[in-house]
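I opened the model to look up its strands, its metal site and its core. The entries below are in the order in which I worked.

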Amino acid sequence: MQKAPRRWLYLSTIVWLLASVGPTIVDSTEASESGPPTTIPVAADGVQRATVTLDSYSYTPNHLIVEAGKPVELTLTSVTTMIPHNFIIKDPAGSLSVEQDVSAGKTVTITFTPTQPGIFPIYCDKRLWPLPSHRDKGMEGKLEVR
Ligand SMILES: [Cu+2]
C-alpha cells in the first residue's frame, strides 16, 4: 500500500524537474531556432552586402557567414509597428563591436569589417522590465567569420 504513493511522488518530481529545468536548457543552447546559414556574397566592390529583417522576436536570416578582412554592409529593416529593437554583435576579445538601434518600421544601414575569424553572437538586448529580454525571447543569431 505504501509503494504506489511513493512511486507517484517520485514520478511527479521527475515531471516537475523536467518541466522546470527544460526551458532553461533550451535557453542556454546557442541559437535554438537557428535558421539556415546564409553566406553573404562579396560584391564587385569587395563589400559583403545583405539585408536582415528584424521582427518581434527574430532576425531573418539569423546565421550570417562572412569573410574576415572585407567590409560587411548590413541593411537592417524593422517590420514591427511598435516595438524598437537593436542589433548587437560583441566579440569578448574586442575584435568586433557593433551596436545599432532600429526603431519600429525603420531601416538602418551599418558597416563594419570583421578581422578575427570566429562565431560571434548577434542579439537584441531590449527589454521591457520585468519581462525577459528580447534575446531571451529568441531574438538572437550568429555571425560566422571565416
Ligand atoms: Cu528586440
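**Ground rules.** I am working with a predicted model, in which local features need pLDDT of at least 70, side-chain atom pairs count only at pLDDT 80 or more, and totals for chains, interfaces and linings use all residues. Residues are numbered from 1 along each chain as its sequence is written, and side-chain values use heavy atoms, with hydrogens and water left out.

**Overview.** I found one helix and ten strands in the protein chain. Helices (H or I, at least four residues) and strands (E, at least two) are DSSP runs, numbered from the N terminus. The pattern along the sequence is α-β-β-β-β-β-β-β-β-β-β. I then looked up contacts, meaning heavy atoms within 4.5 Å. Among contacts with a separation of 6 or more in the protein chain, 65% are between residues 24 or more positions apart. Of the 146 residues, 29% count as buried; buried means under 20% relative accessible area, exposed over 50%, and partly exposed in between (1.4 Å probe, protein chains only).

**Four-stranded sheet.** I read the order of this open sheet as β3-β2-β5-β8, with mixed pairing. Its edge strands, β3 (58–60) and β8 (107–112), each pair on one side only. Two strands count as paired if DSSP finds at least two bridges between them. I noted six bridges between β5 (residues 72–78) and β8, in the antiparallel sense. Glu-73 stands opposite Thr-111 in β8.

β4 and β10 are parallel over four bridges, and His-63 has Lys-142 in β10 as its bridge partner. β9 and β10 are antiparallel over six bridges, with Phe-120 partnered by Leu-143 in β10. β6 (residues 85–90) and β9 are antiparallel and joined by two bridges; Ile-88 stands opposite Tyr-123 in β9.

**Strand β10.** I looked at burial along this strand and found six of its six residues buried. Glu-140, Lys-142 and Glu-144 point one way, while Gly-141, Leu-143 and Val-145 point the other way.

**Copper site.** Which protein atoms are the donors of the copper ion? I found His-85 (ND1), Cys-124 (SG) and His-134 (ND1), at 1.9 to 2.1 Å from the ion. Donors are N, O and S atoms within 2.8 Å of the metal (3.2 Å for Na, K and Ca); water is not among the atoms, so sites may look incomplete. The spacing of the donors along the chain is H-x38-C-x9-H. Cys-124 and His-134 both lie in the loop between β9 (118–123) and β10 (140–145), so the pair ties together parts that are ten residues apart in sequence. Both Cys-124 and His-134 are buried.

**Core.** The largest nonpolar core has 23 residues, and those with the most contacts inside it are Leu-74, Phe-87, Ile-89, Phe-112 and Leu-143. Such a core is a set of buried Ala, Val, Leu, Ile, Met, Phe, Trp, Tyr and Cys residues joined through side-chain atoms within 4.5 Å. Among the strands that each supply at least two residues of this core are β2 (48–55), β4 (63–66) and β10. I listed the neighbours of Phe-87, leaving out residues up to four places away in sequence; they include Val-52, Tyr-59, Leu-74, Val-98, Ile-110 and Ile-122.
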